[in-house]
Amino acid sequence: MELSKQFWFPGGVLLLGVAGLQLWAAGLSATEPFLTVFFLLALAVGAVLGWMYNRSRPVAALVVLGLAAWLLPALYANAANGAPIWRLQILALLLPFNLILFSLLPDQGLRARTTLLSASALAVQAVVLALLRGKAVSWTVLQLGRAPLPPRWFGWSWAGQPTLLAFGVAAILLAGLFLWRRRPTDRGLFWALTAALVGIHAVHSSRVAMLYFGSGALILAVSLIEHAHAMAYVDALTNIPNRRALDEFLPQLHKRFSLAMVDVDHFKTFNDKHGHDAGDQVLRKVASHLATVSGGRVFRYGGEEFSIVFPGRSCKEAQPHLEALRARIEDAGFRLRGRFRPKRKPPERRSRPRGGAKLHVTVSIGVAEVGEKFDSPQAVIQAADRALYRAKEEGRNQVWFAS
Ligand code: GH3
Ligand code: MG
Ligand code: MG
């Protein structure tokens, strides 16, 4: 899936759908009890999934959304009745702050120390907020009133500049985190944050606020389902679909397809020479090259073997793409990263190649297509495997067709 689609789906689409629904149903009082039910259900589903998959970050975020939906409308109503607005503004400011805090903490499961840390952070905030008096309050109000940017830019919101800026910074951080790690839970947190931003502007009605904070909870719940899906169907090392995904994909193809089996040459020797961790880096690199193939879908078949499926294409049509991949992997080479790279520059620098020697690997490829001869996915895989064996026998680093 291309990146923009990956980013918008499903959180962004869900939030837009909810906003559309709210605009369409505005003024329908009959929907209001439904909103409370929706909110509680979304929280419950998210909590159960978080507990099932033992994920502390989404659960912590759910707690924050639940607290926000509970506290903010009440404080807003108080403020409308003349109570000072600073407590409401601080709570709104704490919302993005906490979501960022939880997204940066490592997810080590619900029983890990980080959960205690998150809970303590929330408890400290609650105590400080309850104890704020006198000088501390006037200082806080002063800080909240400080406006580095022109105030008219923020006139549309009651939340004040610090809060809106904190939301902006949190959004940039979470989007960046997703682009970097591509984890569904990071994207879930980004869209939950966006839902919370809309939510704090709906606090005039506790139920409309519940709709948006509930949407945030639902987005987190969906991201937990995506996380579980990725655990089942995506290979953890190379981040491409795994054998199970291939086994389920092939029977769904009702048209002609060709399939290539790709195997790294002399990989055992490479591992023996450079170590297993270096071998893992090679597999990641090879997978990222293979993933650039146009018109094909790449899977990690197992070990150092990959499969590429070309739906609607014959072997002949797949050939130029496979030949290009083979050549690109041969030419690319790569340098070992991380602890394989010497930390300090070696004293006799000039005698060594800069940045360490470039290592090269090659791959052999066997291809077969579905047809009269090979009439089932299993038969195609076996035929491609035999062709791969031929490519190895003939000297490796080449593409062979099944006959
Ligand atoms: P050939 O050219 O005939 O394919 O030789 P080869 O050495 O690549 O083939 P062989 O099947 O003998 O060895 C495959 C090696 O791949 C053995 C195993 O240690 C290594 N391997 C399999 N999975 C992984 C992995 O996830 N990480 C690393 N580092 N090595 C792996
Ligand atoms: Mg092999
Ligand atoms: Mg091999």
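Author: Thr-163 counts as buried because its relative accessibility is 0%; buried means under 20% relative accessible area, exposed over 50%, and partly exposed in between, with a 1.4 Å probe and protein chains only. The model is predicted, so local features need pLDDT of at least 70 and side-chain atom pairs count only at pLDDT 80 or more, while totals for chains, interfaces and linings use all residues. Residues are numbered from 1 along each chain as its sequence is written, chains are lettered from A and ligands numbered from 1 in the order in which they are written, and side-chain values use heavy atoms, with hydrogens and water left out.

Thr-163 belongs to helix H8, residues 161–181. Helices (H or I, at least four residues) and strands (E, at least two) are DSSP runs, numbered from the N terminus. Leaving aside residues up to four places away in sequence, Thr-163 touches Gln-89, Ala-92, Leu-93, Pro-96 and Ile-200; such a contact means heavy atoms within 4.5 Å.

Asp-263 and Glu-304 are also buried. Donors are N, O and S atoms within 2.8 Å of the metal (3.2 Å for Na, K and Ca); water is not among the atoms, so sites may look incomplete. Asp-263 also bridges this ion and the magnesium ion (ligand 2), the two ions lying 3.6 Å apart. Asp-263 lies in strand E1 and Glu-304 in the loop between strand E2 (297–302) and strand E3 (305–311), so the pair ties together parts that are 41 residues apart in sequence.

Val-264 also meets ligand 1: a polar backbone atom of Val-264 is 3.1 Å from an oxygen atom of ligand 1. A backbone N or O atom of His-266 lies 2.7 Å from a ligand 1 oxygen, and a polar side-chain atom of Arg-300 lies 2.8 Å from one. The protein covers 68% of the 650 Å² of accessible area that ligand 1 has on its own, by the Shrake-Rupley method with a 1.4 Å probe. Ligand 1 is surrounded by 16 residues, each with a heavy atom within 4 Å of it. Helix H13 gives the most to this shell, with 4 residues.

Methods: A polar contact is a pair of N or O atoms within 3.5 Å; within protein, one must be able to donate a hydrogen and the other to accept it, and residues adjacent in sequence count only if both atoms are side-chain atoms.
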